[in-house]
Amino acid sequence: MEVVVKEDYQGMSRLAAKIIADVVREKPRAVLGLATGSTPLGTYKELILMHKEEGLDFSQVVTFNLDEYIGLPPEHDQSYHYFMNENFFKHINIPPGNVHIPNGMAEDLVGACEQYERDIKEAGGIDIQLLGIGANGHIAFNEPGSSLGSRTRVKALDEKTIEDNARFFEHMDDVPKFALTMGIGTIMDSRRIVLLANKANKAHAISITVEGPVTALVPATIVQLHPRATIIVDREAAVELERPYRDTPHDLSEAVAYIQRQKGKDS
Ligand code: F6R
């Protein structure tokens, strides 16, 4: 697992966007796993900029979002469908048919979850999964205590999440109580993971995620077991980390240049 500490939110967002853009440039039919929330907004802004200014092409890209509330139609301004459309999809050239977000209005919710897993498989698996992290260490809607092997399924929301969301709805009755979410096992099947965190309220979750033991009580700790995970944080989210970390991802060309220098000394 690689940990990169950037100075600020913009640095974090730019690096995440660059990593995703490199995947798309190398594989135009890349399958992207996407997240909602405030954390990835800067990353989406950067990717939109790259699309507009550098022609980054999303015409063959396929996406799968992590989660969606149950009972909110796609046009509801608190749904993740709406969020993704407003903040990303409507600004790039991705065909609507290539976008997948769990269907929180499905009559057969269990069937919809199973279909989502099949759809990911049929698309060839997720090439790169973007993640945010909750202050309690959740990833997607996998709250503390979730099975580390879980697949896409229905989850009841924590009381705290319901309370936090109440401000966005007119009546308490309207606040979603359930969500569809990719499981931790689903997320871990991605070929690459990029987990982002900024601000001081994430510092504790990040310190456990990076330096603590792997535990279902902090679901994000599972990324320690992923063969290709990058955690990008800003300075504030890094304050509780004990070990020093770099501000640039490891670059193989540094190692290659080193070998060349050593060979030069021998000859
Ligand atoms: C979003 C998601 C959540 C968020 C997390 C952090 O699709 O699955 O796990 O990533 O709650 O949210 P923000 O970024 O708003 O702090």
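**Exercise 1. Determine how many aromatic pairs the model contains, and classify the pair Y44 and F88.**

Solution. The ring-pair rule gives a count of seven aromatic pairs; the model to which it is applied is a predicted one. For Y44 and F88, the ring centres lie 4.7 Å apart and the planes meet at 20 degrees. Planes under 30 degrees apart count as stacked, so this pair is stacked.

Next, the two residues are located. Y44 belongs to helix α2 (residues 41-54), while F88 lies in the loop between α3 (80-87) and β5 (99-100). The pair therefore links distant parts of the chain, 44 residues apart.

Y44 has a relative accessible area of 0% and is buried. F88, at 1% relative accessibility, is buried. Ring pairs also join Y44 and F88 with F58 and F89 into a cluster.

**Exercise 2. Classify the pair Y80 and F141, and state which parts it ties together.**

Solution. The ring centres are 6.2 Å apart and the planes stand at 5 degrees, so the pair is stacked. Y80 is in helix α3, and F141 is in the loop between β6 (128-131) and β7 (153-156). The parts tied together are 61 residues apart in sequence. Both Y80 and F141 are buried.

**Exercise 3. Identify which residues touch the most other members of the largest nonpolar core.**

Solution. This core has 33 residues, and L195 and I206 touch the most other members. Elements that each supply at least two residues include β1 (2-6), α4 (109-122) and β9 (193-197). Leaving out residues up to four places away in sequence, L195 touches, among others, L131, I133, I206, V223 and I231. A separate second core of 32 residues includes A16, A17, L56 and I128.

Definitions and conventions
Residues are numbered from 1 along each chain as its sequence is written. This is a predicted model: local features need pLDDT of at least 70, side-chain atom pairs count only at pLDDT 80 or more; totals for chains, interfaces and linings use all residues. Side-chain values use heavy atoms; hydrogens and water are left out. Rings of Phe, Tyr and Trp (its six-membered ring) pair if their centres lie within 6.5 Å; planes under 30 degrees apart count as stacked, over 60 as edge-to-face and the rest as tilted. Helices (H or I, at least four residues) and strands (E, at least two) are DSSP runs, numbered from the N terminus. Buried means under 20% relative accessible area, exposed over 50%, partly exposed in between (1.4 Å probe, protein chains only). A nonpolar core is a set of buried Ala, Val, Leu, Ile, Met, Phe, Trp, Tyr and Cys residues joined through side-chain atoms within 4.5 Å. Contact means heavy atoms within 4.5 Å.
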